[in-house]
Amino acid sequence: MMLSRVANSIYWMARYMERADNVARFIDVNTHLMLDLTLNREATQWYPLVATSGDDETFSKRYKVADERNVLRFLTFDQKNPNSILHCIYRARENARTVREVLPVDVWEKINELYHLTQAHSRKRSVADLMDYYTQVRRTGHLMTGLMYNTMSRNQGWQFAHLGQMLERADKTARLLDVKYFLLLPEASLLDTPFDAVQWGAVLKSVHALEMYRQQFHTINYKDVTQFLLFEKGFPRSVAFCLDEAARTMSSLSQGIERPNKAIIEMAILTQTIAASEATQIIATGLHEFIDVLQYNMNLVDEAIYESFFKD
């Protein structure tokens with residue numbers, strides 16, 4: 001097995017880069033959504049971004065109003081927010097720096113360039129001034145994924161990076177779906193209205209899913225979007241696709257390990273939960289409750305990965 005320290009650094013490097021990419025994408029899409037709606041809905045449209053990150057309690061303790069300035073600061077450059085873009089890129093760079101010998105040099109250089117770009121933009125406060133920066137964060141995420149996919153041997157280093165990226169992506173897609181369903185829609189009477197369709201379209205854009213969704217469905221509605229983002233195994237940002245990829249990667253990493261592998265057991269429970277479900281059923285019984293259970297199980301998988309692979 002690869003040294004646990006090295007494996008852990010590669011795993012978290014990939015998770016932090018994916019997390020930064022997702023935050024940047026959510027902010028970008030949310031900004032364009034507010035322009036499309038042409039409504040004065042600033043507070044209600046910015047707060048869901050905080051909820052998507054899972055840090056709404058932390059935010060509420062430090063900021064009184066969820067307006068553009070406060071949310072952008074919290075999600076982008078707040079050093080005390082462990083999920084801000086600045087913190088994620090810093091942690092990704094630190095993890096990459098300690099394992100440079102096992103990474104393609106281009107991967108390290110892209111992460112390092114993004115770190116210095118982040119420092120240069122850290123004093124900017126308005127979304128208009130930061131749009132180019134968010135675009136660069138997203139492009140770097142795509143570049144890093146492409147470089148790793150095309151230049152790394154499919155050894156344990158690549159597998160741990162892929163595992164981290166897939167688990168992080170599944171988590172963020174599930175969170176985004178949960179937040180839209182419960183926070184973005186102000187009134188039940190607006191379900192399946194043009195207003196609702198615009199917001200669900202923004203959710204699809206947030207995960208680069210709009211074009212692929214439209215190839216399967218003619219209209220945008222919450223039931224079909226839920227089905228697509230949770231269960232579409234052919235789309236690389238759906239929860240089902242990401243968890244299947246993570247399970248295959250984990251199975252490969254576990255070959256040759258003689259002791260019982262708790263990570264494999266927890267991952268099997270997680271994938272079985274997805275395989276046994278479908279959108280109509282979980283909407284009827286409670287989408288929020290389903291995603292709560294899903295994310296609880298994903299946390300158990302993450303803890304089991306540490307116990308199985310990283311703990312000395």
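This is a predicted model: local features need pLDDT of at least 70, side-chain atom pairs count only at pLDDT 80 or more; totals for chains, interfaces and linings use all residues.
Residues are numbered from 1 along each chain as its sequence is written, and side-chain values use heavy atoms, with hydrogens and water left out.

**Cysteines**

- The structure has zero disulfides, a disulfide being a pair of cysteine sulfur atoms within 2.5 Å.
- Cysteine 88 is in no disulfide, and its nearest cysteine sulfur, in cysteine 242, is 17 Å away.
- Seen from cysteine 242, the closest cysteine sulfur is that of cysteine 88, and 17 Å is too far for a bond.
- Cysteine 88 has 0% relative accessibility and counts as buried; buried means under 20% relative accessible area, exposed over 50%, and partly exposed in between, with a 1.4 Å probe and protein chains only.
- Cysteine 242 is buried too, with a relative accessible area of 0%.

- Helices here are DSSP runs (H or I, at least four residues), and strands are runs of E with at least two, all numbered from the N terminus.
- Helix H11 (residues 222-231) is mostly covered, with seven of its ten residues buried.
- The buried residues of H11 are Tyr222, Val225, Thr226, Phe228, Leu229, Leu230 and Phe231.
- Asparagine 221 caps the N-terminal end of H11, with a side-chain oxygen 3.2 Å from the backbone nitrogen of lysine 223. A polar contact is a pair of N or O atoms within 3.5 Å; within protein, one must be able to donate a hydrogen and the other to accept it, and residues adjacent in sequence count only if both atoms are side-chain atoms.
- Helix H12 (residues 239-253) has 15 residues and end C-alpha atoms 21 Å apart, which agrees with the 21 Å it should span; the expected span is 1.5 Å times one less than the number of residues.
- Buried residues in H12 include Val239, Cys242, Ala246 and Leu253.

**Cavities and pockets**

- On a 1 Å grid over the protein atoms alone, a cavity is a set of points where a 1.4 Å probe fits but cannot get out; a pocket is an open set with protein on both sides within 12 Å along at least five of seven lines, and lining residues have an atom within 4 Å of a point.
- Grid points are joined across faces, edges and corners, and a volume is the space filled by probe spheres set on the points.
- There are two cavities of 30 Å³ or more.
- The second largest cavity holds about 60 Å³, and H1 gives the largest share of its lining, four residues.
- The largest pocket has a volume of about 260 Å³.
- Of the 15 residues lining the largest pocket, Arg15, Arg19, Asp171, Arg175 and Asn299 lie nearest its centre.
- Helix H8 (156-184) is among the elements supplying at least two lining residues of the largest pocket, and H8 gives the most, with five.

**Two residues up close**

- Serine 4 lies in helix H1 (residues 4-37) and is buried at 16% relative accessibility.
- Beyond residues up to four places away in sequence, serine 4 touches Phe309, Phe310 and Asp312, where contact means heavy atoms within 4.5 Å.
- Valine 203 is in helix H9 (residues 194-206) and is buried at 2% relative accessibility.
- Leaving out residues up to four places away in sequence, valine 203 touches Leu176, Lys180 and Leu229.
- The C-alpha atoms of valine 203 and asparagine 30 are separated by 8.9 Å, though the two are 173 residues apart along the chain.
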